[in-house]
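Here are my notes for your first look at this structure. Keep the sequence and the 3D view open as you read.

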Amino acid sequence: MAYLELQNLHREFAGGVKALDGIEVQLGQGEFLSLLGPSGCGKTTALRLVAGFDRPDEGRIVIDGKDITNVAPSKRDMGMVFQAYSLFPNMSAAQNVEFGLKIRGKHKGERASRVGELLELVGLGHAGDRYPHQLSGGMQQRVALARALAIEPRVLLLDEPLSALDAKVRVQLREEIRRIQLELGITTLYVTHDQEEALAVSDQVAVMNRGRIEQIGPPAEMYSRPATPFVAEFIGTMNRLEATIADPDSGTVEHGGVSLTVDAARGRRRGERVLVLIRPETVELTPADGSGGENTLSGEVIAQTFLGPVTRLKVVGPAADLIADVSTAKAATLPIGMKVTAALPATDARVLELSDPVAERAPELDPVGQ
Amino acid sequence: MKARRGTAPTSYFWLLITGAYFFVPLLATFLFSLKSNQTGKCCTAASYTWVLHQGDFWHTLKISLLLALETIVISLLIFVPTIYWVHLKVPRLRPVVAFLALIPFVVPPIVMVVGLLDVYRGTPSWFYAQPWGFLAAAYVILAFPYMFFSLDAGFRSIDVHTLTEASQSLGASWPTTLVKVILPNIRSAALAASFLTLAIVMGEFTIANLSAFSTFPRFIQAVNEAQAYPAAALTLMSFALTWGAMLSLLLVGRKRGTRAAVLTGAR
Ligand SMILES: Nc1ncnc2c1ncn2[C@@H]1O[C@H](COP(=O)(O)OP(=O)(O)O)[C@@H](O)[C@H]1O
Ligand SMILES: [Mg+2]
């Protein structure tokens, strides 16, 4: 049974901004769910409703079977970690962690040992006496995490806790957050705009767009079976080909005068406009030999981006532009300016109904982003 | 400010000029205060002992110090929660409050006291006829701009929203949040506001005079009219007293939060 439920949450701000437009989430006890989406899609608003800092216009928040929609934030037992600058500047790290325990009237000895344990847990056993301004950004967030955990919250809420840190610390700390979360078995709601981060640490990922959840599921499923074009583009990089179903029996679609076979197009309506989604790692590039085989597009390599073990190639052709990830060794044989043939996989491509192609485009997509 | 190692010669020059601007009058007053009342010659401490033997000196000093304390306490109790609330809940109203805070600056004290005397006429005599009532109320109004602009700067230097929400999610009530989390982090701003208020109350003459309460500035004025050398001595003593009072405020304010006060500015 779900431990934390967000039921049909709506929140509209003055000026008619619909920050949340019917959010539904069910989260089992001990699960880690990420709310993932571009900036402005309503993630923080959703989290603040759960924390109690704001009230929904409509909908309910239920925890462990009890409706807490109208409970004051100080009575909710939610541990909150903010983006930055949330530590009390007048208190040392240890005093920050101790704050919630003092409020709860815990005895001095009990407080001290608990604070010690928690600082140890976040790897700051040595830094309890330091004040926030004496700690690095990463350390401050560790203290904030320890402080939130000190009250043994029913749910841990994190609002982009790593976004103010540099890349290396970010990766390190997200792994630690996950380790601690698993160790304590604490139900966690995590907000981020970084899809890599969400996929790396979560049990469930909910992709949000304009106040709605587009799709919710385990990371692998979100990556391999995106349900909407928005999700497909937001999670990982996708080649998008707008096409028309030419033959539903064989799965043939037509794109820019070229016929392609896509298994997922079988059974669609003839003449239907669809979006064919192809992951860059499934595109096979070979030097052009003029043959033009089955399921291929032709083009010219115009850019190479080194990504470590793979290199991302941008191919521009008469029918379509493509992005392909090939092994770095192979990329050396496909220099910029070379004419190539791109073989598209019949089996791995996804087909989605094409509704509103422009509006569905993820706003912040970097063509070479990961 | 430009961060530079070493100090340019020109800045010493300006420092000297500024220093002279402040210290020459003090020095002149000091030399003047040492002259003998009978002979007009230097040097005697007679003016100082004369002042110290005036019953009114001690009496009015006590009234003014207590008035200052009362004004500070009332102002902090009113303005800290109000300005906190404005920052947290209705930031749109901040400019309105800032405008209101300017009114005591632009309305001359003479106009204000006439208005206030009129408005409060008919209030009970424990208020109207007592410095602790009427005068303190007037001084709270006078202190409003100093309180507002100091505290406002203090609140702007911290992340009021995040600190409040962090405190609440940890289970703290509103009063606990205000006292344990917000107040310690605006301590230096509150201290600055208190200094200014103290200085105002210790030096305010017009309102006290027109409402006929015998405060320290009125005593200074009375001496000034009658006795030249002791007046100079008294001026210096009031100067020292005000600084002494500020110093003790600083010490009281810092007792528990020495580090906190330093930290607030450091974030
Ligand atoms: N207090 C508020 N008043 C008015 N509009 C707001 C307020 N908070 C958020 N919004 C608007 O609601 C939308 C969602 O905001 P938010 O939840 O902060 O997005 P995210 O955290 O996903 O970046 C944005 O368009 C934002 O401008
Ligand atoms: Mg946000």
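1. A term comes before the details. A polar contact is a pair of N or O atoms within 3.5 Å; within protein, one must be able to donate a hydrogen and the other to accept it. Keep in mind that this is a predicted model.

2. Now apply the term to A:Thr282. The side chain of A:Thr282 comes to 2.7 Å from the backbone oxygen of A:Arg279. Where does A:Thr282 lie? Its place is the loop that runs between β14 (273-278) and β15 (284-287) of chain A. Setting aside neighbours within four places in sequence, its contacts are A:Ala343, A:Pro345 and A:Asp348.

3. Next, look at ligand 1. The residues around ligand 1 include A:Phe13, A:Val17, A:Ala19 and A:Pro38. Also among them is a run from chain A: A:Ser39, A:Gly40, A:Cys41, A:Gly42, A:Lys43, A:Thr44 and A:Thr45. By class, this shell has five nonpolar, five polar and one charged residues.

4. For A:Gly42, a backbone N or O atom lies 3.1 Å from an oxygen atom of ligand 1. A:Thr44 uses its side chain: a polar atom there lies 2.6 Å from an oxygen atom of ligand 1. On its own, ligand 1 has 560 Å² of accessible area, and the protein covers 59% of it.

5. Which elements give two or more residues to the shell around ligand 1? They are β2 (17-28) and α1 (43-51) of chain A. The most comes from α1(A), with three residues.

6. Turn to chain B. How many helices and strands does chain B have? The count is 14 helices and zero strands. Its C-alpha trace spans about 75 × 65 × 35 Å along the principal axes.

7. Two helices of chain B deserve a look. Packed helices are described by the angle between their axes and the distance between the axes. Helix α4 (residues 94-106) of chain B packs against helix α7 (residues 131-156) of chain B at about 145 degrees, with the axes 7 Å apart. The crossing of α4(B) and α7(B) is left-handed.

8. Who meets whom there? On the α4(B) side, the residues include B:Val97, B:Leu100 and B:Phe105. On the α7(B) side, they include B:Ile141, B:Phe144 and B:Phe148. By class, the contact of α4(B) with α7(B) has 14 nonpolar, no polar and three charged residues. Among the residues in this contact are B:Arg94, B:Asp152 and B:Arg156.

Terms used:
Residues are numbered from 1 along each chain as its sequence is written. Chains are lettered from A and ligands numbered from 1 in the order in which they are written. This is a predicted model: local features need pLDDT of at least 70, side-chain atom pairs count only at pLDDT 80 or more; totals for chains, interfaces and linings use all residues. Side-chain values use heavy atoms; hydrogens and water are left out. Axes are lines fitted to C-alpha atoms, for helices over the stretch in contact, and angles run from 0 to 180 degrees between N-to-C directions. Helices (H or I, at least four residues) and strands (E, at least two) are DSSP runs, numbered from the N terminus. A crossing is left-handed if the near helix is turned anticlockwise from the far one by less than a right angle, and right-handed if clockwise. Contact means heavy atoms within 4.5 Å. Ala, Val, Leu, Ile, Met, Phe, Trp, Tyr, Cys and Pro count as nonpolar, Asp, Glu, Lys and Arg as charged, and the others, Gly among them, as polar. A residue is near a molecule or strand if one of its heavy atoms lies within 4 Å of it. Accessible areas come from the Shrake-Rupley method with a 1.4 Å probe; for residues, only the protein chains shown count as cover.
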